[in-house]
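Please brief me on this model, topic by topic. Keep it short, and give the cut-off behind each term.

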There are 2 protein chains.
Amino acid sequence: MQFHVLFCLAVMVLAVNANRQPGQFSDDSYSALGNEIPLLGDTSPGSVWPKPQMQTSSPMVYEVAVQKFVFTYASTSHKCDLTEEAFKRYEMLIYNTASQLKLQFRPRAVPSLTTLTVNLLSACEEYPSLHMNESYSLEIGDSALLSAPSVWGVLRGLETFSQLMWQTDTNQVLMNKTSILDFPRYAHRGILLDSSRHYLPMEAILHNLEAMAYNKINVFHWHIVDDQSFPFVSRTYPDLSGKGAYNPSTHIYTPENVAEIIEFGRLRGIRVVPEFDTPGHSQSWGKGQSGLLTPCYSNGKPDGTFGPIDPTVNSTYTFVEGLFTEVKSVFHDQYIHLGGDEVSFNCWKSNPDITKWMALQNITGDYATLESVYIQQILDISASVGYSYIVWQEVIDNGVKVKNDTVVEVWINNKPDEELAKVTAKGYRALLAAPWYLDYISTGEDWQKYYLYEPSNFNGTDAQKQLLMGGEACLWGEYVDGTNVTPRLWPRASAVAERLWSAEDVNDVEEATPRLNQHRCRMIRRGIPAEPLRPGYCTHEWKNI
Amino acid sequence: MQFHVLFCLAVMVLAVNANRQPGQFSDDSYSALGNEIPLLGDTSPGSVWPKPQMQTSSPMVYEVAVQKFVFTYASTSHKCDLTEEAFKRYEMLIYNTASQLKLQFRPRAVPSLTTLTVNLLSACEEYPSLHMNESYSLEIGDSALLSAPSVWGVLRGLETFSQLMWQTDTNQVLMNKTSILDFPRYAHRGILLDSSRHYLPMEAILHNLEAMAYNKINVFHWHIVDDQSFPFVSRTYPDLSGKGAYNPSTHIYTPENVAEIIEFGRLRGIRVVPEFDTPGHSQSWGKGQSGLLTPCYSNGKPDGTFGPIDPTVNSTYTFVEGLFTEVKSVFHDQYIHLGGDEVSFNCWKSNPDITKWMALQNITGDYATLESVYIQQILDISASVGYSYIVWQEVIDNGVKVKNDTVVEVWINNKPDEELAKVTAKGYRALLAAPWYLDYISTGEDWQKYYLYEPSNFNGTDAQKQLLMGGEACLWGEYVDGTNVTPRLWPRASAVAERLWSAEDVNDVEEATPRLNQHRCRMIRRGIPAEPLRPGYCTHEWKNI
């Protein structure tokens, strides 16, 4: 997808390392070093998850000077606040690795690495986006160089660099001579978390954003509100959380909280895409905004329950425009997720005002068109406030007319390949979530199922395949909160992360297993309680509880 | 089971509270107080899990003086180190509850409770046992009194007392006028944790023992070793962990660790029953004890793999006797679990030395008898070192001859009621685990299935029913370690805890749901990350990660 950029990168890397032939490290350098550590395959310590597009490693090793390691810019490099913040994070991470270790005795000396030189080839960017360039090249040799055409590639490359470190039995921290060219297969690699079915404390969200960065996930799809609660604090409509949150003081996300999450993501190259799902899934909205939901009727009179948002009154659209104007000012991403899933027509059918309105519009009985009227206006409002948008697949399945630039997310796990073929045949861009609903749990290694689902495996032309922007692992919140969200998400979501980042032919479960186990142990050492795959152990087990 | 004791208790309680009629609190006292808080049902804050056998509550409330609350002995009471340690724990717990709260404004004054008087009616005991008396009575009125015939009942009553506290919206801590008579339905209420498939750090085990006490679980069935690793450090045979642990320095339980766990359990009335599963499930044993496992043969020669323990050589029994002598000196409980499950005969069949030995014994081809020979000797050794024992059901299913006092644990989830009928018809005492294998996970509220399984529902005489000593919730370790063991165990194991403690007719899921949710939120406040049941929230969410 980013081959012309990578071609340039490759040329550049070869120029920098003119005296080396990546992949063909000479036996001489090995012998000269006299080091007997065998060639590292991907199953060896220091392997990278998700697997880079191109990597060659050599048995030659360097000792990482963990106590004093620093990142520096190349003289020709652009500079960027994002890069400098990342330098601090990864220097701390490398230092912390050292502080956990007790060097038992001094093994034979090997050359030391004290610096990674970073060459950022273009000007700093402020926010990650769908179109950001995440490619990078990384050379570990007598000197170490990370080059990338954009700051986002620098972030990805720093993560890779940190994963190349490994510890010997004597706790020496080593890194193999390595050459990497890397870029993502898909541009949108997301994780959905749901803060409505259960409130997720800030700590839980921030920790999982950190884990996303460790897995090169680049989108946090924040399903922030739903039927059960409305924790988003709107300055324009404070009653939404005031009456719709589980608790209006403690179970909310203030504008400051949201800004903190966006900034935390931005620093790690993670987009924060909020979902405000309508016209269904909006029961909690009705508590703070009277007249918004459709009153349901039984036996000719309102029965006290409410259905989807009422699409027939102007006040609905005035309200949504007000809310989305605020949302756009809070969430920086180009995209909003508008939901549109699981809209039941029963309440609309029961309501005489809706029936009357539909008769006036000459659409009596045609509830799909009624939904279409609503969605069309919501899309118009979203566009007018400056948003591009994503919708769940039913919007298309139900024949709702949408704009050509709509992104359709496929979630129903009944032949999602056929749905992708249908959606892309209509020319829409698509996201795949169906095979990766991590809230469904079962005994055993379900990560393999997630890992092996090939998203591009649907009937369609090359042009259709290009319309698949990526996918998302979804951990809906009915059965998770701060107590269990992190171990339930990791390393199961890591399987999806590699599927969406790495090459299509990286699909060997046997090869992946020890590498994924190593990655989960790495996450544990970094403070993420990633659950086990199968019987085994980590050198450093999780002890916090 | 403990009715005669309870009868005495009931008389005593009625004598102490001669001016009250439990269950018929007068309207006068309610009016006189002028308090409008409604009668608390079990679904209200301050409800107890597992549900007491007999409880009456009144709308009259007392304010718990959380900052200065103390426990004292009645003048006639026996004294005990266990009680005093428990006083400290629960005073701290009550104080910590207070420190989490910010009293928002002073509501109308109600009478204050500053003391719970404890009357221990018999001399202190040192270790919990199968035959311990856990009954107690608790009266909360103008004064508060906990009476119990043994220290174990005091521990259970203190837990109940701590659960009766609830907080108003203004964070006042209240307790309703309450009268409780309580005792367990089953004497053995266990949880199995497995420290072999994954090593469980000490912190994880101790935290879960704490949670067990919060659920009146009284047995920690410690499946300490298995095929995958041997973390138990034996002073007699140090190579067992030295070569059989995942890591002989970090992934082990030293004698000091084991003593700490036993003491931690003892203080909470929890027995620690170790399982040393043989002759199968013992691959890790063979690493540190050569000659113990049966060499398997292929094509007429040893193929390098090993099967179950070799039952035909004297060295096996010398070793087991040495090990069990040490185990008995370390683990104080009367019982050891000897395993005996899933013994494959294939390796024995392949081995010519085994075949020759069986011919000499005139049992050619009869591998069940071979197993029987082994088990019989293991039982004899266990008895000789002073142990009573528990075995998994196959030992009986395979027709192995065992001693009459053997306890049989039913784990195979294929008509466990028929197995219970069979085992008890043979006169053996039984434990039920089959319906409660918590390592099997599925999406949704599986706690209901655990909750509704009625253990006594098998064909048999009253005498047979009396042979069912209780049951165990088993969380095998293939897919859990310190990262996820606690939220996976709680509150799912709480469902089993109530099934085994409370009366048979306490089996209404609708009634139990809000009470269990309240209990999980209570566990969260006490530092146990118990996972959610369904969409909802806790006033204080889990924030540690």
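A:Asn362 follows H11(A) and has a positive phi, near 60°. At the other end, where helix H11 (residues 352-360) of chain A starts, a side-chain oxygen of A:Asn351 comes to within 2.8 Å of the backbone nitrogen of A:Asp353. Helices (H or I, at least four residues) and strands (E, at least two) are DSSP runs, numbered from the N terminus.

**Basis of the model**
- The model is predicted: local features need pLDDT of at least 70, side-chain atom pairs count only at pLDDT 80 or more, and totals for chains, interfaces and linings use all residues.
- Residues are numbered from 1 along each chain as its sequence is written, chains are lettered from A and ligands numbered from 1 in the order in which they are written, and side-chain values use heavy atoms, with hydrogens and water left out.

**Chain A overall**
- Chain A holds 19 helices and 18 strands.
- Of its 545 residues, 62% are buried. Buried means under 20% relative accessible area, exposed over 50%, and partly exposed in between (1.4 Å probe, protein chains only).
- Among contacts in chain A with a separation of 6 or more, 76% are between residues 24 or more positions apart. Contact means heavy atoms within 4.5 Å.

**The barrel in chain A**
- In chain A, 8 strands close into a barrel, in the order S9-S10-S11-S14-S15-S16-S17-S18, with parallel pairing. Neighbouring strands of this sheet are turned by 30° against each other on average, direction ignored.
- Strands S14 (residues 335-339) and S15 (residues 388-392) of chain A pair in the parallel sense over 3 bridges. Two strands pair if DSSP finds at least two bridges between them.
- A:His337 has A:Ile390 as its bridge partner in S15(A).
- Helix H5 (residues 202-214) of chain A lies across strands S9 (188-194) and S10 (219-223), at about 150° to S10(A). Helix H9 (residues 314-330) of chain A lies across S11 (271-278) and S14, at about 170° to S11(A). Axes are lines fitted to C-alpha atoms, for helices over the stretch in contact, and angles run from 0 to 180 degrees between N-to-C directions.

**A:Glu342**
- UniProt places the feature "active site" at A:Glu342, in an unreviewed entry. Such annotations may be inferred rather than shown by experiment.
- A:Glu342 lies in the loop between S14 and helix H10 (346-350) of chain A.
- A:Glu342 counts as partly exposed because its relative accessibility is 46%.
- Leaving out residues up to four places away in sequence, A:Glu342 touches A:His281, A:Glu394 and A:Trp411.

**A:Thr83**
- A:Thr83 sits in helix H3 (residues 81-100) of chain A.
- A:Thr83 is buried, at 0% relative accessible area.

**Strand S8 of chain B**
- S8 (residues 173-182) of chain B has 10 of its 10 residues buried, so it is largely enclosed by the rest of the structure.
- S1(B) and S8(B) run antiparallel, joined by 7 bridges. B:Thr56 has B:Ser179 as its bridge partner in S8(B).
- Strand S5 (residues 136-140) of chain B runs antiparallel to S8(B), with 5 bridges.
- In the hairpin of S7(B) and S8(B), with 5 residues between the strands, B:Asn171 takes a positive phi near 70°.

Technical notes:
Polar contact = N/O pair within 3.5 Å; in protein donor to acceptor, adjacent residues only side chain to side chain.
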